[in-house]
Amino acid sequence: MVWGEYESMSALHSISPELTPAPITRGTFAQAENVYFFLCAFVDMTDDLPDVDTSMKMLAELHSQSSAPNGKYGFHVPTLQGTFPQFTEWTESWEDFFTKSLSMVFDNEERSQGSDEEVQHLCRETLSKVVPRLLRPLETGGRHIEPRLIHGDLWDGNTSAEVATNTPVIYDATCIYAHNEMELAPMRPVRHRMGRQYVKAYFKYFPISPPEEDQDDRNALYCLRFDMVSSSLYPGNLRYRKICMEVMKNLTEKFAGGYEAWAKARGEEIISKRSFMRPPE
């Protein structure tokens with residue numbers, strides 16, 4: 001966990017030093033080798049959220065300046081969501097990466113909360129229908145996205161503003177190179193103070209990925225991953241599972257025909273998952 005956070009904050013700081021505390025070092029205690037630490041520069045922060053426009057402009061600049069060094073999705077070390085490792089293996093396509101990531105999250109949630117036939121069915125339908133429908137169009141039909149470095153857990157508990165300058169600050173990162181819009185997932189739940197006004201401001205500085213009309217549904221899909229992790233962290237508390245079930249019901253009903261029905265309706269060539277993935281170098 002400490003290693004992943006140190007590498008995450010180092011990666012962010014190398015691109016946007018004004019937005020992040022400077023990482024200093026990580027390691028273990030000399031007399032307690034199983035106790036780990038991460039040390040970064042001290043930032044005197046307010047108790048408030050950062051300014052909407054300023055913070056989203058800086059976040060958009062971070063994303064626009066941070067293409068993956070190898071052109072792939074993933075990260076060079078394991079990073080965690082809460083106490084759970086997230087999928088970070090380098091992967092050619094965003095659909096393939098997100099499918100593996102969400103599958104891991106689904107498995108973790110089932111181990112934490114127990115097996116449920118309806119949940120299993122919804123998870124299968126989400127992976128087989130919703131994910132291809134919403135993510136394959138990002139990388140086919142002449143459309144293209146690039147892997148961008150994202151903080152990975154950007155909600156109101158992990159951001160603030162510096163007291164002296166009111167400059168936004170982000171911390172406690174769990175980075176991956178991903179579709180930049182996944183950064184906005186934690187801003188969807190109504191329980192968070194950092195909400196949709198931040199999403200709206202972000203798109204002033206980083207254009208919505210085409211197909212633009214899918215943006216809100218993609219956000220719901222990305223937020224599903226975020227909320228499923230939340231469910232995993234609280235065994236026996238089914239609040240987040242119920243939220244996720246409703247989201248999956250809505251998405252699977254809306255996109256019952258999957259990617260193929262969408263492509264056919266638009267007159268686009270139906271591209272299989274295998275054929276649109278870039279060949280290995």
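A total of 18 salt bridges is found in the predicted model, a salt bridge being a side-chain nitrogen of Lys or Arg within 4 Å of a carboxyl oxygen of Asp or Glu. The model is predicted, so local features need pLDDT of at least 70 and side-chain atom pairs count only at pLDDT 80 or more, whereas totals for chains, interfaces and linings use all residues. Residues are numbered from 1 along each chain as its sequence is written, and side-chain values use heavy atoms, with hydrogens and water left out.

One of these salt bridges joins the side chains of Glu109 and Arg241, with an N to O distance of 2.9 Å. This pair links distant parts of the chain, 132 residues apart, with Glu109 in helix 3 and Arg241 in helix 7; helices (H or I, at least four residues) and strands (E, at least two) are DSSP runs, numbered from the N terminus. Both Glu109 and Arg241 are buried, where buried denotes under 20% relative accessible area, exposed over 50% and partly exposed in between, with a 1.4 Å probe and protein chains only.

A second salt bridge is formed by Glu268 with Arg143, the closest N and O atoms being 2.9 Å apart. Glu268 lies in the loop between helix 8 and helix 9 (273-276) and Arg143 in the loop between helix 4 and strand 5, so the pair ties together parts that are 125 residues apart in sequence. A further salt bridge is made by the side chains of Arg218 and Glu181, at 3.0 Å from N to O. Because Arg218 lies in helix 6 and Glu181 in the loop between strand 8 (176-178) and helix 5 (196-202), this pair ties together parts that are 37 residues apart in sequence. Arg218 is buried, with a relative accessible area of 0%, and Glu181 also counts as buried, at 2%. Salt bridges with shared partners join Arg143, Glu213, Arg266 and Glu268 into one network.

Not counting residues up to four places away in sequence, Arg143 touches Pro137, Leu138, Pro210, Pro211, Trp262, Arg266 and Glu268, contact being defined as heavy atoms within 4.5 Å. A polar atom of the Arg143 side chain lies 2.4 Å from the backbone oxygen of Pro137. A polar contact is a pair of N or O atoms within 3.5 Å; within protein, one must be able to donate a hydrogen and the other to accept it, and residues adjacent in sequence count only if both atoms are side-chain atoms.

At the start of helix 4, a side-chain oxygen of Asp116 comes within 3.0 Å of the backbone nitrogen of Glu118. The buried residues of helix 4 include Val119, Leu122, Cys123, Thr126 and Leu135. Their cover includes helix 3 (94-113), helix 6 (215-232), helix 7 (239-254) and helix 8 (258-266).

The largest nonpolar core has 60 residues, of which Trp94, Phe98, Leu135, Met187 and Leu221 touch the most other members. Helix 4 gives the most to this core, with seven residues. Such a core is a set of buried Ala, Val, Leu, Ile, Met, Phe, Trp, Tyr and Cys residues joined through side-chain atoms within 4.5 Å. Apart from neighbours within four places in sequence, Leu135 is in contact with Trp94, Glu95, Phe98, Arg218, Leu221 and Tyr222.

Thr159, in strand 6 (residues 159-161), is buried, with a relative accessible area of 4%. A polar atom of the Thr159 side chain lies 2.8 Å from the backbone oxygen of Val169. Beyond neighbours within four places in sequence, the contacts of Thr159 are Pro50, Leu154, Val169, Ile170, Tyr171 and Met194. The C-alpha atoms of Thr159 and Leu19 are separated by 9.7 Å, although these residues are 140 residues apart along the chain.
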